[in-house]
Amino acid sequence: MPTNTNSPLPQFVSIGEALTDLIRVDGEQWLSKTGGSDWNVARVMANFGVSTGFAGAISQDWFGDALFAASTAANLDLRFLQRVNRPPLLAIVYETSPPQYNFIGENSADLAFDPTALPANWQQVAKWAHFGGISLAREPLAARLVDLASSLKQAGVKISYDPNFRNLMDERYDATLEKMAKLADVIKVSDEDLCGLFRTDDQVTALKKLRSFNPEAAVLLTLGAEGAAMLVGDQKWHVKPPAIDIVDTVGAGDAGIAGLIYALIQEAQQSSSTNIDWHAHLRFSVACGSAACLNAGPKPPQLEQVLALLD
């Protein structure tokens, strides 16, 4: 297995699940696709030229081979990717419109992720770490990840968090949601996520509740066809998406949060000012989400596509 042993450690690490989507097509046919929200975020960042690791565990079978090959192709730091002799984590998508799905992952590989096996001193190099997705709703992995996020926060690493609501996030997820929100520097959430996470149709009240967990966190609120809003303290910005011919919306949210973190990393490298241009970063985030919609499946957008949409 390639180890990148002579390469510098990455600035950005996305931590959580990589899985295989099994999508039913034409009634009796099933299509296999590599995926997982945390893994998707990592691929976008690497595609934009940021040194990136995906920290998670995958199986040693054909499904794991496909994820490993795609991670290699994406130029992810393979020192962070663990392979274990366990079954794969599968998302069974039996209807696509509207999406209906369930997960198969009893004792699966993702649950065996071991943060202590990551490269030495990586926390001292990383600028940002991203958490979210179903990994934070699957024990015993979830507790391990919350502890890791807490230690990273104490070490001065910035935390981004995207709960990315799925149907297994019931009331048992509430404590994790609050803990992760309190640790996060940036929280990404969609209008639909708010309804699912707080089990309500009142998005306004749900958003207030989420922000009450950590008033200092910046919140990226994605609004589907209406674009996205950025909420920081008492300030709010809203950006509508550019007019495009949508091919596929899969992965747009992952691209959006990746775009925001990318913009923040670039600003920190290029300027010593503490004044963050949230409106400019929101525009870039929305352009990233839109660019992802130009590609079929969760294919990372190209930076050139994003910049063209900003012109």
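Predicted model: local features only at pLDDT ≥ 70, side-chain atom pairs only at ≥ 80, totals over all residues.
Helices α1 and α8 lie oblique to each other. Good morning, colleagues.

Helix α1 covers residues 37-47 and helix α8 covers residues 252-270. Their axes come within 9 Å and cross at roughly 45 degrees; an angle between 35 and 65 degrees is classed as oblique, and therefore the pair receives that description. The crossing is right-handed. On the α1 side, the residues that meet α8 are S37, N40, V41, V44 and M45. Their partners in α8 are D254, A255, I257, A258, I261, Y262 and I265.

How much of α1 is buried? Ten of its eleven residues are, so the helix is largely enclosed by the rest of the structure. The buried residues are S37, D38, W39, N40, V41, A42, R43, V44, M45 and A46. The elements that cover them include the strands β1 (12-15), β3 (29-35), β4 (52-59) and β8, together with the helices α2 (62-73) and α8. Just after α1, G49 takes a positive phi of about 95 degrees.

Let me now turn to one residue of this helix, D38. D38 belongs to α1 and has a relative accessibility of 0%, so it counts as buried. Leaving out residues up to four places away in sequence, D38 touches S14, I15, G16, E17, F54, H130, F131, G132, G133 and S135.

Where does S135 lie? S135 sits in the loop between β8 (128-132) and α4 (141-154). Although D38 and S135 are 97 residues apart along the chain, their C-alpha atoms are separated by 8.8 Å. S135 is likewise buried, because its relative accessibility is 1%, under the 20% cut-off. Beyond its neighbours within four places in sequence, S135 is in contact with I15, G16, E17, D38, L141, A142 and L145.

I close with the cysteines. How many disulfides does a search of the whole structure find? The search finds zero. Consider C293: its sulfur is 11 Å from the closest cysteine sulfur, that of C288, which is too far for a bond. C293 is itself buried, with a relative accessible area of 8%. Thank you for your attention.

Definitions and conventions:
Residues numbered from 1 in each chain as written. Heavy atoms only, no water. Disulfide = S-S within 2.5 Å. Buried < 20%, exposed > 50% of the residue type's maximum accessible area, 1.4 Å probe, protein only. Axes fitted to C-alpha atoms, helices over the stretch in contact; angles between N-to-C directions. Helix = DSSP H or I, 4+ residues; strand = E, 2+ residues; numbered from the N terminus. Parallel < 35°, antiparallel > 145°, perpendicular 65-115°, else oblique. Left-handed = near helix turned anticlockwise from the far one by under 90°. Contact = heavy atoms within 4.5 Å.
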